[in-house]
Amino acid sequence: MLKHRGFPGRLPGTDYQFVIRRPNPKGITPLTRRERFADRRPPDRRADAGFMTALWEHFGEEPFERGNLDAGRLSWLFGREVIPAEEPFDPASYESLLKIDVAVARLSFPEVFR
């Protein structure tokens, strides 16, 4: 599992985790698309925006390996702002390549791309 050095471990001042420390011994958590409903709590929205900011600052438009990025946090963006960068895509692999769909991310998180 690739560890993304310099990537923030969590949203500052919160317990919203962005990375994991070690592989899950019970198996890799697969990425799934989670629906973000309009009535989500403001702290959850800030965590999504903070994670997108960290992804954009760290990777930009380039494809990146999933590595130690938290599957739960990625799943809130997966299928919309973060998409597979390879075919076939294995959602249960730490080596899977992802990329930011910049057009969708700009619409969802305009504050990140100012």
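This is a predicted model: local features need pLDDT of at least 70, side-chain atom pairs count only at pLDDT 80 or more; totals for chains, interfaces and linings use all residues.
Mentor: Residues are numbered from 1 along each chain as its sequence is written, and side-chain values use heavy atoms, with hydrogens and water left out.

Trainee: Which helices and strands does the protein have, and in what pattern?

Mentor: There are 3 helices and 3 strands, and along the sequence they follow α-β-α-β-β-α. Helices (H or I, at least four residues) and strands (E, at least two) are DSSP runs, numbered from the N terminus.

Trainee: What makes the protein as compact as a globular protein of that length?

Mentor: Its radius of gyration is 13 Å, and the globule rule gives 13 Å for 114 residues, so the protein is as compact as a globular protein of that length. The radius is taken over C-alpha atoms, and the rule is 2.2 Å times the number of residues to the power 0.38. The C-alpha trace spans about 35 × 30 × 25 Å along its principal axes.

Trainee: Why is Ser96 called buried?

Mentor: Buried means under 20% relative accessible area, exposed over 50%, and partly exposed in between (1.4 Å probe, protein chains only). Ser96 has 2% relative accessibility, so Ser96 counts as buried. Ser96 lies in the loop between strand 2 (82-84) and strand 3 (97-100). Of the 114 residues in the protein, 42% are buried.

Trainee: Which residues does Ser96 touch?

Mentor: Contact means heavy atoms within 4.5 Å. Not counting residues up to four places away in sequence, Ser96 touches Phe64, Glu65, Arg66, Glu86, Phe89 and Asp90.

Trainee: How do you know that Val19 and Arg73 are buried?

Mentor: Val19 has a relative accessible area of 16%, so Val19 is buried. Arg73 has 8%, so Arg73 is buried as well. Val19 lies in the segment before helix 1 (42-59), and Arg73 is in helix 2 (residues 71-75). The two are 54 residues apart in sequence and 8.6 Å apart in space, C-alpha to C-alpha. Leaving aside neighbours within four places in sequence, the contacts of Val19 include Phe7 and Leu69, and those of Arg73 include Phe18 and Phe51.

Trainee: Why is the pair of Phe59 and Phe64 called stacked?

Mentor: Rings of Phe, Tyr and Trp (its six-membered ring) pair if their centres lie within 6.5 Å; planes under 30 degrees apart count as stacked, over 60 as edge-to-face and the rest as tilted. The structure holds 6 aromatic pairs. In the pair of Phe59 and Phe64 the centres are 4.3 Å apart and the planes 10° apart, and the pair is stacked.

Trainee: What makes the charged end of Arg40 count as sitting over the ring of Trp76?

Mentor: A charge sits over a ring if NZ of Lys or CZ of Arg is within 6 Å of the ring centre and within 35 degrees of the ring normal. The charged end of Arg40 sits over the ring of Trp76, 4.0 Å from its centre.

Trainee: Which peptide bond is cis, and where does its proline lie?

Mentor: The bond from Glu87 to Pro88 is cis, with omega near -5°. Pro88 lies in the loop between strand 2 and strand 3. Most peptide bonds are trans.
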